[in-house]
Amino acid sequence: MTPEERNELIATYAAGYEEVTQALDGFPAESLTAHPIPGKWSAREIVHHLGDSESTSAFRIRKLLVEDNAIIEGYDQDQFATRLRYNERDMAPALEAFRAARESTVPLLRMMSEEDWQRAGTHTESGRYTTENWLTIYAKHAHNHAAQIRRLREALNV
C-alpha cells in the first residue's frame, strides 16, 4: 500500500463518526429498536456495536504497534449484541465511545512511520493481521454501518 493510499484510508476512517451521525440525524426515537429487515440489527444495535467494536479496534492497533507478534482476539459480535442487551440500553454512551475511539486514534495513524505500517500480529480467527489490514477494515467499517442505518430508514419509511 502506498502512503497516498494509506492517507486516503485514514481520511475515510476520520470521517466515519460524522457519516454515522448524519445517518442517524432525524431517525425517530421510537424506531431505533425496530427490525424492519429480517436478520439485521436495529439502529440502536448498530450504534452499540460501533461503540464496542471501535473501542476494541483502537486497542488492536495499539497492540500491533507496541507488541511484537501481537495476538488479536476475535469475538462474537452477535453474542455481544444479545448478551450486552444492545437494544435495551441508551445508545448515547456507545456513540460517545465510538467518537472517542476514532478521535484518539486518528492522530496516531497520521504519525505512524513506514516501519509501523509493516508491523503484524496474528488474529485468532483470520491469521496474519497487519496494521494495513487493520486500516483497510476499519476505514470503511463506520461507513458500512451508516449505509445500513440508511437502509433501515428506507425500510421503515422514515
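Predicted model: local features only at pLDDT ≥ 70, side-chain atom pairs only at ≥ 80, totals over all residues.
Trainee: What makes the contact of Arg6 and Glu114 a salt bridge?

Mentor: Their side chains come to 2.8 Å, N to O, and the cut-off is 4 Å between a side-chain nitrogen of Lys or Arg and a carboxyl oxygen of Asp or Glu, so the pair qualifies. Arg6 is in helix H1 (residues 3–14), while Glu114 is in the loop between helix H5 (92–111) and strand S2 (120–123), 108 residues apart.

Trainee: Why is Arg6 called buried?

Mentor: Because its relative accessibility is 3%, and buried means under 20%. Glu114, at 43%, is partly exposed, since that class lies between 20% and 50%.

Trainee: Which residues are joined with Arg6 into one network?

Mentor: Glu114 and Glu132, through salt bridges that share partners. Glu132 meets Arg6 at 3.0 Å, N to O; Glu132 sits in helix H6 (residues 131–156), 126 residues from Arg6. With a relative accessible area of 16%, Glu132 is buried.

Trainee: How do you know that Arg150 and Glu19 tie together separate parts of the chain?

Mentor: Arg150 lies in helix H6 and Glu19 in helix H2 (residues 16–24), so the linked parts are 131 residues apart in sequence. Their salt bridge is 3.0 Å, N to O.

Trainee: Why is helix H3 described as largely enclosed?

Mentor: Because 18 of its 24 residues are buried.

Methods
Residues numbered from 1 in each chain as written. Heavy atoms only, no water. Buried < 20%, exposed > 50% of the residue type's maximum accessible area, 1.4 Å probe, protein only. Helix = DSSP H or I, 4+ residues; strand = E, 2+ residues; numbered from the N terminus.
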